[in-house]
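Hi,

Here is the structure I promised to pass on to you.

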Amino acid sequence: MTSMKSSKAVWFGTAALAPYILMKTYWAFGGNAGRPAGELAALMRANGAPEALVWMEQHGIDFTVLGALGGVLLLTALTRPWGERLSRWALLVPGWAGAVALTPYGFATMIASAAGFTVGDAEGWSRWVGYVGGLAFAGLGLSLALCTRSYQRRTRPPAVLARS
């Protein structure tokens, strides 16, 4: 049974990601607020980004938004009964990896923005972009930690439960 705390964590993680997804969607439709002038795909290519990412950017698809949506799907799988029918490790590994990587990254991004650093310390990025991104990553990371821990406890094999 999913705990109320886990259910709230899914909503918290989703709410933390919402401004980020909205910002990236706005940019995909041609908005420029908060980002450098010029075509981002050209900047990505000049900085050596893989061609697949450049192609996605040229077509209005941001790979980080796809990752954020994948994070919401993972949170949901960790808390819904259908997620318990999946391989336990298929959810535990990305859940813990996401929690361990995203939480400090998000908080470091917010601290860096507060200290005056911008995205990649590149010209033209607004400080608030770092806050939006940092909130999204830290919020998703914390939510993944709570939901993964709950899932791990709920899905322990019976032999482990008997020894506890």
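Read from one end of the sequence to the other, the protein chain runs α-α-α-α-α-α-α. That makes seven helices and zero strands. Please keep in mind that this is a predicted model.

On overall dimensions, the C-alpha atoms fill a box of roughly 60 × 35 × 25 Å along the principal axes. Of the 164 residues in the protein chain, 37% are buried. Among the contacts with a separation of 6 or more, 72% are between residues 24 or more positions apart.

One spot I would point you to is a nonpolar surface patch of about 380 Å². Which residues make this patch? They are Phe 12, Phe 107, Ile 111 and Leu 142. Of these, Ile 111 sits in helix α5, which covers residues 88-114. Is Ile 111 buried or exposed? Its relative accessibility is 60%, and the cut-off for exposed is over 50%, so Ile 111 counts as exposed.

That is what I have for now.

Best wishes

Notes
Residues numbered from 1 in each chain as written. Predicted model: local features only at pLDDT ≥ 70, side-chain atom pairs only at ≥ 80, totals over all residues. Heavy atoms only, no water. Helix = DSSP H or I, 4+ residues; strand = E, 2+ residues; numbered from the N terminus. Buried < 20%, exposed > 50% of the residue type's maximum accessible area, 1.4 Å probe, protein only. Contact = heavy atoms within 4.5 Å. Patch = residues over 30% accessible without salt bridge, like charges linked within 9 Å, V, L, I, M, F, W, Y side chains within 5 Å. Areas by Shrake-Rupley, 256 points an atom, 1.4 Å probe, with all protein chains shown as cover. Salt bridge = Lys/Arg side-chain N within 4 Å of Asp/Glu carboxyl O.
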